[in-house]
Amino acid sequence: MSQRIVIIGAGFGGVWSALSAVRALDIAGRQDVEVALIAPEPTMYMRPRLYETDISTAGPSVLELLDVVGVRYIQGTVSRISTDVHKVEYASDSVVSSIMYDRLVLASGSKVSMPSSVKGLQEHAFTVDNYNDAMKLEAHLQALSSLPKSTPGRNTVVVAGGGFTGIETATELPSRLRPILGDSQVFMVEKHDEVGPELGPGPRPVILQALQELGVTSYTGESVVAVDASGAVLSSGKRIEAKTVIWTVGVRASTLTEQISGAQRDQSGRLLVDDNLKVVGVKDVFATGDAARARTDDEGHVAMMSCQHSLILGRSSGNNAAQDLLCLPLHIYRQPYYVTCLDLGAFGAVVTQGWNREIFLTGVAAKHYKQHINGSLIYPPAANRAEALAVAKPDIEYEEKDGVLQYKR
(Lines give C-alpha, C1' and ligand atoms only; values in the text may rest on other atoms or scores of the structure.)
Protein backbone atom coordinates (compact mmCIF):
# COMPACT_ATOMS: atom_id res chain seq x y z
CA MET A 1 0.00 0.00 0.00
CA SER A 2 1.39 3.39 -0.97
CA GLN A 3 -0.72 5.48 1.44
CA ARG A 4 -2.35 4.92 4.82
CA ILE A 5 -5.18 6.22 6.99
CA VAL A 6 -4.67 5.47 10.68
CA ILE A 7 -7.59 5.51 13.12
CA ILE A 8 -7.04 5.46 16.86
CA GLY A 9 -9.88 3.87 18.82
CA ALA A 10 -12.41 1.05 18.40
CA GLY A 11 -15.42 2.79 19.88
CA PHE A 12 -18.38 4.26 18.00
CA GLY A 13 -16.34 7.01 16.35
CA GLY A 14 -13.38 4.80 15.50
CA VAL A 15 -15.19 1.84 13.96
CA TRP A 16 -17.54 4.02 11.92
CA SER A 17 -14.57 6.10 10.76
CA ALA A 18 -12.94 2.93 9.48
CA LEU A 19 -16.08 1.78 7.67
CA SER A 20 -16.76 5.16 6.10
CA ALA A 21 -13.14 5.51 4.96
CA VAL A 22 -13.31 2.12 3.24
CA ARG A 23 -16.62 3.11 1.63
CA ALA A 24 -15.11 6.32 0.24
CA LEU A 25 -12.09 4.46 -1.12
CA ASP A 26 -14.37 1.88 -2.73
CA ILE A 27 -16.40 4.58 -4.46
CA ALA A 28 -13.20 6.17 -5.75
CA GLY A 29 -11.94 2.80 -6.98
CA ARG A 30 -8.77 3.04 -4.90
CA GLN A 31 -7.22 -0.16 -3.59
CA ASP A 32 -3.78 1.30 -2.89
CA VAL A 33 -4.72 3.01 0.42
CA GLU A 34 -4.55 1.07 3.67
CA VAL A 35 -7.01 1.74 6.49
CA ALA A 36 -5.56 0.71 9.86
CA LEU A 37 -7.26 0.86 13.25
CA ILE A 38 -5.28 0.78 16.51
CA ALA A 39 -6.96 -0.14 19.80
CA PRO A 40 -6.16 -2.19 22.91
CA GLU A 41 -8.78 -4.75 21.83
CA PRO A 42 -11.15 -5.16 18.87
CA THR A 43 -14.25 -4.54 20.97
CA MET A 44 -16.90 -1.84 20.70
CA TYR A 45 -18.02 -1.50 24.29
CA MET A 46 -21.59 -0.29 24.67
CA ARG A 47 -20.77 2.45 27.16
CA PRO A 48 -24.38 3.75 27.22
CA ARG A 49 -25.42 0.38 28.69
CA LEU A 50 -22.90 0.09 31.52
CA TYR A 51 -25.32 1.31 34.19
CA GLU A 52 -27.56 -1.69 33.45
CA THR A 53 -27.83 -4.79 35.60
CA ASP A 54 -26.89 -7.25 32.85
CA ILE A 55 -24.10 -6.12 30.54
CA SER A 56 -23.04 -9.56 29.35
CA THR A 57 -23.72 -8.56 25.72
CA ALA A 58 -22.35 -5.02 26.00
CA GLY A 59 -18.97 -5.75 24.42
CA PRO A 60 -19.38 -7.03 20.85
CA SER A 61 -16.21 -7.90 18.95
CA VAL A 62 -15.58 -5.98 15.73
CA LEU A 63 -12.62 -8.10 14.60
CA GLU A 64 -14.56 -10.06 11.97
CA LEU A 65 -16.27 -6.88 10.76
CA LEU A 66 -12.97 -5.03 10.32
CA ASP A 67 -11.48 -8.03 8.54
CA VAL A 68 -14.36 -8.49 6.11
CA VAL A 69 -14.29 -4.84 5.02
CA GLY A 70 -10.50 -4.85 4.69
CA VAL A 71 -9.44 -2.78 7.68
CA ARG A 72 -6.13 -3.77 9.27
CA TYR A 73 -6.58 -4.14 13.02
CA ILE A 74 -3.50 -3.39 15.15
CA GLN A 75 -3.62 -4.45 18.78
CA GLY A 76 -1.97 -1.85 20.95
CA THR A 77 -2.26 1.18 23.20
CA VAL A 78 -1.13 4.43 21.61
CA SER A 79 1.53 6.20 23.64
CA ARG A 80 2.76 8.98 21.36
CA ILE A 81 1.53 10.94 18.36
CA SER A 82 4.13 12.93 16.43
CA THR A 83 2.21 15.10 14.01
CA ASP A 84 5.37 16.74 12.69
CA VAL A 85 6.55 13.46 11.15
CA HIS A 86 3.12 11.77 10.80
CA LYS A 87 3.98 8.93 13.18
CA VAL A 88 2.03 7.04 15.85
CA GLU A 89 3.76 4.94 18.51
CA TYR A 90 1.92 2.19 20.34
CA ALA A 91 2.67 -0.54 22.85
CA SER A 92 1.56 -4.16 22.63
CA ASP A 93 2.71 -6.74 25.18
CA SER A 94 5.36 -4.26 26.39
CA VAL A 95 6.77 -3.97 22.87
CA VAL A 96 6.74 -0.45 21.42
CA SER A 97 6.14 -0.14 17.69
CA SER A 98 5.33 2.70 15.35
CA ILE A 99 3.31 3.30 12.20
CA MET A 100 3.34 6.18 9.74
CA TYR A 101 0.18 7.83 8.48
CA ASP A 102 -0.91 10.05 5.62
CA ARG A 103 -4.14 10.93 7.40
CA LEU A 104 -4.92 10.40 11.08
CA VAL A 105 -8.32 10.13 12.74
CA LEU A 106 -8.26 10.50 16.51
CA ALA A 107 -11.23 8.61 17.96
CA SER A 108 -9.79 7.87 21.39
CA GLY A 109 -12.94 8.74 23.33
CA SER A 110 -13.23 10.06 26.86
CA LYS A 111 -13.22 8.94 30.47
CA VAL A 112 -14.89 10.04 33.68
CA SER A 113 -13.06 12.73 35.62
CA MET A 114 -11.71 11.53 38.98
CA PRO A 115 -10.42 14.70 40.67
CA SER A 116 -7.69 14.26 43.26
CA SER A 117 -9.35 17.04 45.26
CA VAL A 118 -12.02 14.53 46.36
CA LYS A 119 -10.30 12.64 49.14
CA GLY A 120 -10.44 8.85 48.76
CA LEU A 121 -12.28 8.98 45.45
CA GLN A 122 -9.91 6.86 43.41
CA GLU A 123 -9.40 4.35 46.21
CA HIS A 124 -13.00 3.79 47.27
CA ALA A 125 -15.49 4.90 44.61
CA PHE A 126 -16.89 2.83 41.75
CA THR A 127 -17.75 4.00 38.25
CA VAL A 128 -19.75 2.75 35.27
CA ASP A 129 -17.34 4.48 32.89
CA ASN A 130 -15.92 1.37 31.26
CA TYR A 131 -16.71 -2.32 31.06
CA ASN A 132 -14.14 -3.45 33.62
CA ASP A 133 -15.26 -0.85 36.15
CA ALA A 134 -18.89 -1.80 35.62
CA MET A 135 -18.06 -5.47 36.23
CA LYS A 136 -16.17 -4.53 39.43
CA LEU A 137 -19.26 -2.71 40.63
CA GLU A 138 -21.45 -5.73 39.90
CA ALA A 139 -19.09 -8.05 41.80
CA HIS A 140 -19.10 -5.62 44.72
CA LEU A 141 -22.90 -5.40 44.80
CA GLN A 142 -23.24 -9.18 44.73
CA ALA A 143 -20.74 -9.48 47.61
CA LEU A 144 -22.72 -7.12 49.84
CA SER A 145 -25.13 -9.91 50.73
CA SER A 146 -22.31 -11.74 52.51
CA LEU A 147 -21.95 -8.90 55.01
CA PRO A 148 -23.95 -9.03 58.25
CA LYS A 149 -27.29 -7.25 57.88
CA SER A 150 -26.31 -5.00 60.77
CA THR A 151 -23.31 -3.60 58.87
CA PRO A 152 -23.74 0.20 58.61
CA GLY A 153 -24.31 1.30 55.02
CA ARG A 154 -24.62 -2.26 53.69
CA ASN A 155 -27.87 -1.51 51.89
CA THR A 156 -27.07 2.11 51.02
CA VAL A 157 -25.66 3.49 47.76
CA VAL A 158 -24.55 7.04 47.08
CA VAL A 159 -24.51 8.12 43.43
CA ALA A 160 -22.35 11.21 43.00
CA GLY A 161 -23.71 13.24 40.13
CA GLY A 162 -27.30 13.90 39.10
CA GLY A 163 -26.71 14.26 35.37
CA PHE A 164 -27.59 11.81 32.60
CA THR A 165 -25.44 8.90 33.81
CA GLY A 166 -26.16 9.58 37.47
CA ILE A 167 -29.93 9.51 36.94
CA GLU A 168 -29.81 6.31 34.88
CA THR A 169 -27.57 4.64 37.44
CA ALA A 170 -29.60 5.75 40.47
CA THR A 171 -32.98 4.76 39.02
CA GLU A 172 -31.68 1.33 38.00
CA LEU A 173 -30.35 0.51 41.46
CA PRO A 174 -33.53 -0.17 43.49
CA SER A 175 -34.60 -3.05 41.25
CA ARG A 176 -30.99 -4.14 40.76
CA LEU A 177 -30.38 -4.39 44.50
CA ARG A 178 -33.70 -6.00 45.44
CA PRO A 179 -32.73 -9.63 44.65
CA ILE A 180 -29.38 -9.10 46.37
CA LEU A 181 -30.29 -7.16 49.51
CA GLY A 182 -34.04 -6.71 49.62
CA ASP A 183 -34.77 -3.13 50.57
CA SER A 184 -32.13 -0.50 49.86
CA GLN A 185 -31.52 3.22 50.09
CA VAL A 186 -30.22 5.16 47.11
CA PHE A 187 -29.01 8.75 47.43
CA MET A 188 -28.15 10.91 44.42
CA VAL A 189 -26.00 13.98 45.00
CA GLU A 190 -26.00 16.84 42.49
CA LYS A 191 -24.01 20.08 42.90
CA HIS A 192 -26.51 22.16 40.92
CA ASP A 193 -29.85 23.26 42.33
CA GLU A 194 -31.79 20.90 40.04
CA VAL A 195 -31.24 17.31 38.98
CA GLY A 196 -30.37 16.79 35.32
CA PRO A 197 -29.04 20.33 34.84
CA GLU A 198 -27.84 19.62 31.29
CA LEU A 199 -31.22 18.14 30.36
CA GLY A 200 -33.12 21.36 30.93
CA PRO A 201 -36.62 21.84 32.38
CA GLY A 202 -38.47 19.78 29.72
CA PRO A 203 -38.07 16.23 31.10
CA ARG A 204 -37.45 17.27 34.72
CA PRO A 205 -41.00 16.71 36.05
CA VAL A 206 -40.90 13.13 34.74
CA ILE A 207 -37.45 12.59 36.25
CA LEU A 208 -38.56 13.89 39.64
CA GLN A 209 -41.66 11.71 39.55
CA ALA A 210 -39.52 8.66 38.76
CA LEU A 211 -37.09 9.41 41.59
CA GLN A 212 -39.96 9.80 44.04
CA GLU A 213 -41.78 6.63 43.00
CA LEU A 214 -38.58 4.59 43.07
CA GLY A 215 -37.60 5.92 46.49
CA VAL A 216 -34.38 7.61 45.36
CA THR A 217 -33.46 10.57 47.57
CA SER A 218 -31.81 13.56 45.90
CA TYR A 219 -29.49 16.07 47.50
CA THR A 220 -29.17 19.11 45.25
CA GLY A 221 -26.78 22.02 45.77
CA GLU A 222 -24.38 19.50 47.31
CA SER A 223 -21.21 17.73 46.22
CA VAL A 224 -19.39 14.64 47.40
CA VAL A 225 -16.10 15.94 48.82
CA ALA A 226 -14.68 12.78 50.39
CA VAL A 227 -15.14 9.02 50.09
CA ASP A 228 -13.97 6.19 52.30
CA ALA A 229 -14.72 2.49 52.67
CA SER A 230 -17.80 3.21 54.77
CA GLY A 231 -19.42 6.19 53.11
CA ALA A 232 -19.28 9.68 51.68
CA VAL A 233 -19.03 13.21 53.04
CA LEU A 234 -20.97 16.00 51.35
CA SER A 235 -19.98 19.65 50.93
CA SER A 236 -22.43 20.63 53.70
CA GLY A 237 -20.55 18.38 56.12
CA LYS A 238 -23.27 15.73 56.13
CA ARG A 239 -22.01 12.17 56.13
CA ILE A 240 -23.86 9.26 54.54
CA GLU A 241 -22.91 5.78 55.68
CA ALA A 242 -22.72 3.71 52.51
CA LYS A 243 -20.71 0.68 51.49
CA THR A 244 -21.14 1.72 47.86
CA VAL A 245 -20.32 5.09 46.29
CA ILE A 246 -20.64 5.44 42.51
CA TRP A 247 -18.99 8.44 40.83
CA THR A 248 -20.60 9.80 37.63
CA VAL A 249 -19.46 13.43 37.69
CA GLY A 250 -18.07 14.80 34.44
CA VAL A 251 -16.04 13.35 31.57
CA ARG A 252 -12.93 14.52 29.78
CA ALA A 253 -11.59 13.71 26.36
CA SER A 254 -8.72 11.24 26.10
CA THR A 255 -5.34 12.65 27.07
CA LEU A 256 -4.13 11.77 23.56
CA THR A 257 -5.76 15.03 22.45
CA GLU A 258 -2.94 16.79 24.32
CA GLN A 259 -0.42 15.26 21.90
CA ILE A 260 -1.84 16.97 18.83
CA SER A 261 0.73 19.74 18.64
CA GLY A 262 -0.64 23.14 17.66
CA ALA A 263 -4.28 22.21 18.29
CA GLN A 264 -6.78 24.04 20.46
CA ARG A 265 -8.92 22.23 23.04
CA ASP A 266 -12.08 23.14 24.92
CA GLN A 267 -12.64 22.88 28.68
CA SER A 268 -13.45 19.18 28.32
CA GLY A 269 -10.20 18.51 26.47
CA ARG A 270 -11.86 18.08 23.07
CA LEU A 271 -10.03 19.17 19.96
CA LEU A 272 -11.52 22.09 18.05
CA VAL A 273 -12.41 20.94 14.55
CA ASP A 274 -13.82 22.65 11.47
CA ASP A 275 -17.00 21.62 9.67
CA ASN A 276 -15.12 18.80 7.94
CA LEU A 277 -13.82 17.54 11.32
CA LYS A 278 -10.25 18.55 10.50
CA VAL A 279 -8.38 19.60 13.63
CA VAL A 280 -8.02 23.37 13.40
CA GLY A 281 -4.44 24.40 12.71
CA VAL A 282 -3.06 20.88 12.30
CA LYS A 283 -2.27 19.31 8.94
CA ASP A 284 -3.69 15.87 8.01
CA VAL A 285 -5.37 15.17 11.38
CA PHE A 286 -9.09 14.66 11.96
CA ALA A 287 -10.85 14.20 15.30
CA THR A 288 -14.15 12.51 15.98
CA GLY A 289 -16.48 11.26 18.70
CA ASP A 290 -15.74 12.48 22.22
CA ALA A 291 -12.32 13.74 21.09
CA ALA A 292 -13.88 16.44 18.87
CA ARG A 293 -15.70 19.67 19.58
CA ALA A 294 -17.87 19.92 16.48
CA ARG A 295 -20.91 22.03 15.75
CA THR A 296 -23.99 20.06 14.78
CA ASP A 297 -25.94 22.80 13.00
CA ASP A 298 -25.90 26.48 12.07
CA GLU A 299 -27.67 27.52 15.27
CA GLY A 300 -24.70 27.17 17.59
CA HIS A 301 -25.31 23.69 18.99
CA VAL A 302 -22.25 21.53 19.65
CA ALA A 303 -22.06 17.74 19.62
CA MET A 304 -22.52 16.14 23.02
CA MET A 305 -20.03 13.61 24.33
CA SER A 306 -22.44 10.79 23.51
CA CYS A 307 -22.78 7.77 21.25
CA GLN A 308 -25.64 9.52 19.41
CA HIS A 309 -23.24 12.07 18.02
CA SER A 310 -20.23 9.76 17.79
CA LEU A 311 -22.09 7.42 15.43
CA ILE A 312 -22.49 10.19 12.84
CA LEU A 313 -19.24 12.01 13.61
CA GLY A 314 -17.38 8.77 12.87
CA ARG A 315 -19.05 8.36 9.52
CA SER A 316 -18.06 11.91 8.59
CA SER A 317 -14.46 11.84 9.85
CA GLY A 318 -13.50 8.60 8.14
CA ASN A 319 -15.11 9.63 4.89
CA ASN A 320 -13.37 12.99 4.98
CA ALA A 321 -9.97 11.55 5.84
CA ALA A 322 -10.20 9.39 2.72
CA GLN A 323 -11.62 12.16 0.54
CA ASP A 324 -8.94 14.59 1.72
CA LEU A 325 -6.21 12.08 0.91
CA LEU A 326 -7.66 11.64 -2.58
CA CYS A 327 -8.10 15.41 -3.09
CA LEU A 328 -11.88 14.98 -3.39
CA PRO A 329 -14.66 17.20 -1.94
CA LEU A 330 -15.26 16.84 1.80
CA HIS A 331 -18.56 16.27 3.57
CA ILE A 332 -19.79 19.04 5.88
CA TYR A 333 -20.74 17.45 9.19
CA ARG A 334 -24.24 18.38 10.31
CA GLN A 335 -26.51 16.49 12.70
CA PRO A 336 -29.59 18.62 13.36
CA TYR A 337 -31.77 15.74 14.57
CA TYR A 338 -31.34 15.37 18.32
CA VAL A 339 -33.14 13.06 20.72
CA THR A 340 -32.62 12.38 24.42
CA CYS A 341 -33.49 8.90 25.71
CA LEU A 342 -33.18 8.69 29.49
CA ASP A 343 -33.72 5.36 31.23
CA LEU A 344 -35.56 5.65 34.54
CA GLY A 345 -35.30 2.09 35.81
CA ALA A 346 -38.51 0.32 36.79
CA PHE A 347 -40.44 3.57 36.26
CA GLY A 348 -39.81 3.42 32.52
CA ALA A 349 -38.01 6.14 30.59
CA VAL A 350 -38.45 9.57 29.06
CA VAL A 351 -37.69 10.48 25.44
CA THR A 352 -37.40 14.06 24.23
CA GLN A 353 -36.86 15.57 20.81
CA GLY A 354 -34.92 18.65 19.80
CA TRP A 355 -32.45 20.79 21.71
CA ASN A 356 -35.29 22.27 23.76
CA ARG A 357 -36.05 18.70 24.81
CA GLU A 358 -39.78 18.55 24.34
CA ILE A 359 -41.20 15.30 25.74
CA PHE A 360 -42.01 12.76 23.06
CA LEU A 361 -42.56 9.55 25.05
CA THR A 362 -42.71 8.52 28.70
CA GLY A 363 -43.21 5.35 30.72
CA VAL A 364 -43.30 1.92 29.13
CA ALA A 365 -43.38 3.22 25.54
CA ALA A 366 -40.27 5.30 26.19
CA LYS A 367 -38.60 2.29 27.81
CA HIS A 368 -39.13 0.17 24.69
CA TYR A 369 -37.76 3.00 22.57
CA LYS A 370 -34.66 3.25 24.77
CA GLN A 371 -34.14 -0.52 24.82
CA HIS A 372 -34.25 -0.66 21.03
CA ILE A 373 -31.56 2.02 20.80
CA ASN A 374 -29.32 0.53 23.50
CA GLY A 375 -29.88 -3.05 22.39
CA SER A 376 -29.81 -2.72 18.61
CA LEU A 377 -29.39 0.65 16.89
CA ILE A 378 -26.02 1.56 18.37
CA TYR A 379 -24.45 -1.88 17.83
CA PRO A 380 -21.95 -2.44 15.01
CA PRO A 381 -23.35 -3.93 11.81
CA ALA A 382 -22.99 -7.61 10.95
CA ALA A 383 -19.77 -8.78 9.32
CA ASN A 384 -21.17 -8.41 5.82
CA ARG A 385 -19.11 -6.07 3.65
CA ALA A 386 -21.88 -4.76 1.42
CA GLU A 387 -24.37 -4.27 4.24
CA ALA A 388 -21.85 -2.60 6.56
CA LEU A 389 -20.63 -0.13 3.95
CA ALA A 390 -24.21 0.65 2.90
CA VAL A 391 -24.89 2.21 6.31
CA ALA A 392 -21.48 3.90 6.58
CA LYS A 393 -22.32 6.91 4.43
CA PRO A 394 -21.66 10.26 6.12
CA ASP A 395 -25.06 11.74 5.28
CA ILE A 396 -27.07 8.88 6.75
CA GLU A 397 -30.25 9.93 8.53
CA TYR A 398 -32.58 8.49 11.13
CA GLU A 399 -36.25 7.87 10.56
CA GLU A 400 -39.21 6.78 12.67
CA LYS A 401 -40.86 3.63 11.32
CA ASP A 402 -43.63 1.86 13.21
CA GLY A 403 -42.56 3.70 16.37
CA VAL A 404 -38.96 2.53 16.03
CA LEU A 405 -35.95 4.74 15.34
CA GLN A 406 -33.76 3.35 12.58
CA TYR A 407 -31.30 4.36 9.88
CA LYS A 408 -32.81 5.58 6.64
CA ARG A 409 -31.30 3.45 3.88
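In β22, Leu-361 is the bridge partner of Val-351. Four bridges join strand β21 (residues 349–353) to strand β22 (residues 358–362), and the two run antiparallel. Two strands pair if DSSP finds at least two bridges between them. Helices (H or I, at least four residues) and strands (E, at least two) are DSSP runs, numbered from the N terminus. β21 and β22 form a hairpin with four residues between them. In the turn, Gly-354 has a positive phi of about 80 degrees.

## Model and conventions

This is a predicted model: local features need pLDDT of at least 70, side-chain atom pairs count only at pLDDT 80 or more, and totals for chains, interfaces and linings use all residues. Residues are numbered from 1 along each chain as its sequence is written, and side-chain values use heavy atoms, with hydrogens and water left out.

## Val-206 and helix α6

Val-206 lies in helix α6 (residues 204–214). With a relative accessible area of 11%, Val-206 is buried. Buried means under 20% relative accessible area, exposed over 50%, and partly exposed in between (1.4 Å probe, protein chains only).

Leaving aside residues up to four places away in sequence, Val-206 touches Leu-344, Phe-347, Val-350, Ile-359 and Thr-362. Contact means heavy atoms within 4.5 Å. Val-206 and Ala-349 are 143 residues apart along the chain, yet their C-alpha atoms are separated by 8.6 Å.

## The parallel sheet

Strands of a sheet pair through backbone hydrogen bonds, either parallel or antiparallel. Here, five strands form an open sheet with parallel pairing, in the order β3-β2-β1-β7-β18. β3 (72–75) and β18 (285–287) stand at the edges. Each has a single partner strand, so one side of each is left without a neighbour in the sheet. From one strand to the next, the twist averages 20 degrees.

Four bridges join β1 (residues 3–8) to β7 (residues 103–106). Ile-8 has Leu-106 as its bridge partner in β7. β2 and β3 are also joined by four bridges. There, Leu-37 has Tyr-73 as its partner in β3. β2, helix α2 (residues 63–69) and β3 make a right-handed β-α-β unit. A crossover is right-handed if, with the strands pointing away from the viewer, the path from the first strand over the helix to the second runs clockwise.

## Helix α1

Helix α1 (residues 12–28) packs on the sheet and touches β1, β2 (33–39) and β7. Its direction makes about 175 degrees with that of β2. Axes are lines fitted to C-alpha atoms, for helices over the stretch in contact, and angles run from 0 to 180 degrees between N-to-C directions.

Of the 17 residues of α1, 13 are buried, so α1 is largely enclosed by the rest of the structure. At 1.5 Å a residue, α1 should span 24 Å, and its end C-alpha atoms are 24 Å apart, which agrees. The expected span is 1.5 Å times one less than the number of residues. Gly-29 follows α1 and has a positive phi, near 70 degrees.

## Thr-244

Thr-244 is found in strand β15 (residues 244–247). Thr-244 is buried, at 0% relative accessible area. Its contacts beyond four places in sequence include Phe-126, Leu-137, His-140 and Val-158.

## Cysteines

The structure holds zero disulfides. A disulfide is a pair of cysteine sulfur atoms within 2.5 Å. For Cys-341, the nearest cysteine sulfur is that of Cys-307, 9.2 Å away. Cys-341 counts as buried at 9% relative accessibility, whereas Cys-327 counts as exposed at 72%.
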